[in-house]
Amino acid sequence: MDKLLRALKASIPVEKLAVHCHDTYGQSLANILVALEHGVRVVDSSIAGLGGCPYAPGASGNVATEDLVYMLNGLGVKTNVDLDKLLDIGQFICKQLDRPTASRAAQALYCKVKRT
């Protein structure tokens with residue numbers, strides 16, 4: 001991500017850049033952090049990590065919005081996103097689709113709530 005953004009920023013203003021990361025290799029949050037360090041302020045994500053890529057066989061879903069917001073909150077970045085409501089929405093849509101969430105933060109926070 002660093003090398004790509006350096007090359008792009010040589011000819012495109014960073015304000016015009018956005019990132020869209022899949023989490024196939026578990027690197028989406030690391031790549032997004034690098035993008036943020038480069039000044040990128042637009043990041044695509046998907047509730048519960050839903051989605052995928054029909055052009056990349058084996059690719060997993062998009063980075064989960066819950067994971068992104070959890071990371072940003074931990075970094076002290078103001079998002080104006082209510083993580084609890086986001087978790088509820090993710091849980092709702094996963095029940096409707098009869099599939100587990102791909103969000104690691106959601107999985108951990110659900111377990112925490114169940115224990116308390």
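Predicted model: local features only at pLDDT ≥ 70, side-chain atom pairs only at ≥ 80, totals over all residues.

Modeller: Let us begin with V77, which is found in the loop between helix 3 (65-74) and helix 4 (83-97).

Biologist: Why is V77 called partly exposed?

Modeller: The relative accessible area of V77 is 37%. Buried means under 20% and exposed means over 50%, with partly exposed in between. V77 is therefore partly exposed.

Biologist: Which residues form a nonpolar patch on the surface?

Modeller: The patch consists of L33, L75 and V77, and together they have about 220 Å² of accessible area.

Biologist: What is the overall arrangement of the protein chain?

Modeller: The protein chain has five helices and two strands. Along the sequence, their pattern is α-β-α-β-α-α-α. The C-alpha atoms fill a box of roughly 50 × 35 × 20 Å along the principal axes. Of the 116 residues, 33% are buried.

Biologist: What makes helix 3 largely enclosed by the rest of the structure?

Modeller: Helix 3 has 10 residues, and seven of them are buried, so the helix is largely enclosed. The buried residues are T65, E66, D67, L68, V69, M71 and L72. After helix 3 comes G76, with a positive phi near 80°.

Biologist: T65 lies in helix 3. How do you know that T65 counts as buried?

Modeller: Its relative accessibility is 15%. Since buried means under 20%, T65 belongs in that class. Leaving aside residues up to four places away in sequence, T65 touches S45, S46, I47 and L86.

Biologist: Where does I47 lie, and which residues does I47 touch?

Modeller: I47 is in the loop between strand 2 and helix 3. With residues up to four places away in sequence not counted, I47 touches T65, E66, L86, I89, G90 and I93. Contact means heavy atoms within 4.5 Å, so each of these residues has a heavy atom within that limit of I47. The C-alpha atoms of I47 and R6, by comparison, are separated by 29 Å, and these residues are 41 apart along the chain.

Biologist: Why may one say that the buried residues of helix 2 line one face?

Modeller: In helix 2 (residues 28-37), the buried residues are S28, I32, A35 and L36. Viewed down the helix axis, they fall within an arc of 100°, so they line one face of the helix. Their cover includes helix 1 (2-9), strand 1 (19-20), strand 2 (43-44) and helix 3. Just after helix 2, G39 has a positive phi of about 100°.

Biologist: Why is P54 called exposed?

Modeller: P54 has a relative accessible area of 71%, and exposed means over 50%, so the term applies. P54 is located in the loop between strand 2 and helix 3.

Biologist: How many salt bridges does the structure hold?

Modeller: The structure holds two. Side chains of opposite charge can pair when their charged atoms come close.

Biologist: What makes the pairing of R6 and D2 a salt bridge?

Modeller: The N to O distance between their side chains is 2.9 Å. The cut-off is 4 Å, so the pair qualifies. Both residues lie in helix 1, four residues apart, about one turn of the helix. R6 is exposed, at 54% relative accessible area, whereas D2 is partly exposed, at 33%.

Notes
Residues numbered from 1 in each chain as written. Heavy atoms only, no water. Patch = residues over 30% accessible without salt bridge, like charges linked within 9 Å, V, L, I, M, F, W, Y side chains within 5 Å. Areas by Shrake-Rupley, 256 points an atom, 1.4 Å probe, with all protein chains shown as cover. Buried < 20%, exposed > 50% of the residue type's maximum accessible area, 1.4 Å probe, protein only. Arc of directions from axis to C-beta.
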